[in-house]
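Colleague: I have a chain open on my screen and would like to go through it with you. Could you take my questions as they come?

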Amino acid sequence: MTWLYLLLAGIFEVVWATTIKLSEGFSSIKFSVMTVLGMFASFIFLALALKKLPLGLAYPLWTGIGAVGTIIVGVLLFKDEIPALTWVFVGFLIIGILGIKMTSGH
C-alpha cells in the first residue's frame with residue numbers, strides 16, 4: 001500500500017497543479033476549491049507513504065511524478081509546446097524516478 005499511497009500523492013500533485021492553472025489566479029471558485037482539495041489529498045497520501053518510506057526516497061519520487069505528470073497534462077490539455085530537447089530531459093526524469101524506485105530496497 002505504501003507505493004500506492006506515493007503514486008496517489010503524485011497524481012494529486014498533478015491534479016492541483018492543473019486546477020490551479022484552471023482557477024485563473026483563484027478567480028474561479030470551483031477550480032480554486034479543487035486546487036486546495038488536490039493539495040490536501042496529495043499531502044495526506046505523501047504523509048501515509050512517509051510512515052514506511054524514508055523522506056529522501058519518497059520526496060523526490062513524489063515531486064518527480066508530479067513534474068512529469070504536469071508536463072504531460074500541460075502538453076495534452078493546455079497545448080504547451082515543449083522543445084524536442086526538453087523531452088530528452090523529461091526522459092531523464094523518468095529514468096531517475098524509476099532508478100530511485102528500483103535501487104531503493106523498499
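Colleague: Let us begin with α3. Which of its residues are buried?

Modeller: Please note that this is a predicted model. In α3, the buried residues are Leu57, Ala58, Leu61, Trp62, Gly64, Gly66, Val68, Gly69 and Gly74.

Colleague: And what covers the buried residues of α3?

Modeller: The cover includes α1, α2 and α4.

Colleague: How far does α3 reach from its first C-alpha to its last?

Modeller: The helix has 24 residues and spans 32 Å between those atoms, which is close to the 34 Å expected at 1.5 Å a residue. Lys79 follows α3 and has a positive phi, near 60°.

Colleague: What does UniProt list as "transmembrane region"?

Modeller: The UniProt entry, which is unreviewed, gives residues 27-50, 57-78 and 84-100 under that name. In the model, residues 57-78 are 100% helix and 0% strand, with the end C-alpha atoms 31 Å apart. Residues 84-100 are likewise 100% helix and 0% strand, and there the end C-alpha atoms are 25 Å apart.

Colleague: Turning to packing, how many residues does the largest nonpolar core have?

Modeller: It has 13 residues, and those with the most contacts inside it are Leu6, Ala9, Leu46, Leu53, Ala58, Leu61 and Trp62. Each of α1, α2 (29-50), α3 (55-78) and α4 (84-103) supplies at least two residues of this core. The largest share, five residues, comes from α3.

Colleague: Take Leu6 from that list. What does Leu6 touch?

Modeller: Leaving aside residues up to four places away in sequence, Leu6 touches Leu46, Ala49, Leu53, Ala58, Leu61, Trp62 and Ile65.

Colleague: And Leu7: is it buried, partly exposed or exposed?

Modeller: Leu7 belongs to helix α1 (residues 2-22). Its relative accessible area is 42%, so Leu7 is partly exposed, since that value falls between the cut-offs of 20% and 50%.

Colleague: Now the aromatics. How many aromatic pairs does a search of the whole structure find?

Modeller: The search finds five. One of them joins Phe43 and Trp62 in a tilted arrangement, 5.8 Å centre to centre and with 50° between the planes. Phe43 lies in helix α2 and Trp62 in helix α3, so this pair ties together parts that are 19 residues apart in sequence.

Colleague: Which residues do ring pairs link into a cluster?

Modeller: Tyr5, Phe12 and Phe45 are linked in this way.

Colleague: Which lysines lie over the face of a ring?

Modeller: Lys101 lies over the face of Trp3, at 4.3 Å from the ring centre. Lys21 is placed over the face of Phe78, at 5.7 Å from the ring centre.

Colleague: What does Ser42 touch?

Modeller: Not counting residues up to four places away in sequence, Ser42 touches Ala9, Phe12, Glu13, Trp16 and Trp62. Among these, Trp62 is the residue that forms the tilted pair with Phe43, and Phe12 belongs to the ring cluster with Tyr5 and Phe45.

Key
Residues numbered from 1 in each chain as written. Predicted model: local features only at pLDDT ≥ 70, side-chain atom pairs only at ≥ 80, totals over all residues. Heavy atoms only, no water. Helix = DSSP H or I, 4+ residues; strand = E, 2+ residues; numbered from the N terminus. Buried < 20%, exposed > 50% of the residue type's maximum accessible area, 1.4 Å probe, protein only. Core = buried A, V, L, I, M, F, W, Y, C linked by side-chain atoms within 4.5 Å. Contact = heavy atoms within 4.5 Å. UniProt positions renumbered as here; feature names shortened; annotations may be inferred. Phe/Tyr/Trp six-rings, centres within 6.5 Å; stacked < 30°, edge-to-face > 60°. Lys NZ or Arg CZ within 6 Å of the ring centre and 35° of its normal. Expected span 1.5 Å × (residues − 1).
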